[in-house]
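Please open the model in your viewer and keep the selection panel at hand. The tour below goes from one selection to the next and says what is to be found at each stop.

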Amino acid sequence: MRAPLLAALLLAACATPRAAPLASEAEIAAFEAAPLGPMASGADWNAPFAPFNIIDNIYYVGPAGVSSFLIRTPDGLILIDGGLAQSAPIIIANIAALGFDIRDVKYLLASHAHFDHAGGLARLQRASGATFVASAADRAPFEAGRFPYGPSKDDRFAPLRVDRVVADGETLSLGGVTLTAHLTPGHTPGCTSWSLPITGADGAAHTAFIHCSATTGGQSVAPESYPGMVADYRTTFARTRTISADVFLAAHGNFFDLAGKRARQIAGDANAFVDPDALQRFNAQMEAAFNAELARQQAAAASPSQ
Ligand SMILES: [Zn+2]
């Protein structure tokens with residue numbers, strides 16, 4: 001009787017789809033306790049930055065160099081990006097310092113599956129119990145805890161569970177606040193930017209755009225790191241040109257002059273983060289940098305002896 005029972009159990013195990021392996025408390029704690037790598041410490045990514053209200057219902061809760069944005073709604077909170085593994089305790093403390101509670105985060109979103117934005121997500125998912133929403137193309141690295149190529153391929157992070165997949169143009173609503181997903185692939189295949197309508201202190205209507213990234217980030221674009229990578233970048237630059245937003249936010253503080261704009265806000269400029277040209281300026285800079293890097297890598301590939 002034992003052999004048929006064993007066979008039946010094995011069959012049942014094989015027939016059941018395997019859930020993505022969730023990181024244990026011990027695994028998450030080990031990532032948090034690890035020293036910062038050279039990329040993170042050299043760029044001051046995890047340096048403290050006092051949390052604050054950017055505009056309307058959007059708050060900055062990340063450390064100085066890797067962004068994390070909190071969006072308040074009457075029915076709970078939405079949190080975008082988790083920084084490094086070592087950033088998660090900072091983000092949770094910043095949320096508390098603003099008078100909010102990590103356990104009220106209902107949706108956890110991400111820009112992309114590199115370790116400096118995804119590293120803290122497993123802790124934040126565990127602490128909040130929130131639904132984690134990501135694009136299909138970045139799902140595998142989120143759930144593996146590792147991005148498969150480029151300079152951060154050895155920077156593992158605690159894997160997390162993708163609860164819901166979003167496609168380009170899909171919306172996510174909570175408490176009357178609606179975010180729109182904009183797939184902006186290239187930097188990663190599933191790089192996802194988010195936008196939402198907001199209201200300024202003076203009652204004027206604005207649109208916030210939280211940019212995933214469009215840097216080449218030390219990755220190979222010639223040859224492509226994945227099939228269609230160059231076309232993805234070009235599509236992203238072209239699509240972003242059609243987007244109108246006047247509050248530009250992004251995955252790293254230096255992309256949107258976090259420190260400078262915050263200083264102007266403290267000095268009394270309530271609309272310091274309203275900058276109608278910033279998104280298009282950034283997009284043009286990213287496109288020029290991409291074209292230069294592509295040309296450089298193509299030239300290097302054409303003369304491998306150099
Ligand atoms: Zn990245």
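Which residues in helix 8 meet which residues in helix 10? Bear in mind from the outset that this is a predicted model, and begin by selecting helix 8, residues 229-241, together with helix 10, residues 278-302. On the helix 8 side, display V230, Y233, F237, T240 and R241, which meet N283, M286, E287, F290 and L294 in helix 10. Coloured by class, this contact of helix 8 with helix 10 shows six nonpolar, two polar and two charged residues.

Now hide the side chains and turn to the axes of the two helices, which come within 10 Å and cross at roughly 160 degrees. Because an angle over 145 degrees counts as roughly antiparallel, helix 8 is roughly antiparallel to helix 10. The crossing of helix 8 and helix 10 is left-handed.

From helix 8, move to the loop between strand 11 (205-211) and helix 8, and select P223, which lies there. The peptide bond that joins A222 and P223 is cis, with omega at about 0 degrees.

Next, select D56, which is found in the loop between strand 1 (52-55) and strand 2 (58-60). Although D56 is a residue other than glycine, its phi is positive, near 50 degrees.

Taken along the principal axes, the C-alpha atoms fill a box of roughly 80 × 60 × 35 Å.

Finally, colour the protein chain by pLDDT, which averages 93, with 92% of the residues scoring at least 70. Over residues 8-18, however, the pLDDT is below 50, and this stretch has zero contacts in the model beyond near neighbours in sequence. Where pLDDT is low, the predicted coordinates should not be read in detail.

Technical notes:
Residues are numbered from 1 along each chain as its sequence is written. pLDDT is the predictor's confidence in each residue, from 0 to 100. Two residues are in contact if their C-beta atoms, placed from the backbone, lie within 7 Å. Axes are lines fitted to C-alpha atoms, for helices over the stretch in contact, and angles run from 0 to 180 degrees between N-to-C directions. Helices (H or I, at least four residues) and strands (E, at least two) are DSSP runs, numbered from the N terminus. Angles under 35 degrees count as roughly parallel, over 145 as roughly antiparallel, 65 to 115 as roughly perpendicular and the rest as oblique. A crossing is left-handed if the near helix is turned anticlockwise from the far one by less than a right angle, and right-handed if clockwise. Ala, Val, Leu, Ile, Met, Phe, Trp, Tyr, Cys and Pro count as nonpolar, Asp, Glu, Lys and Arg as charged, and the others, Gly among them, as polar.
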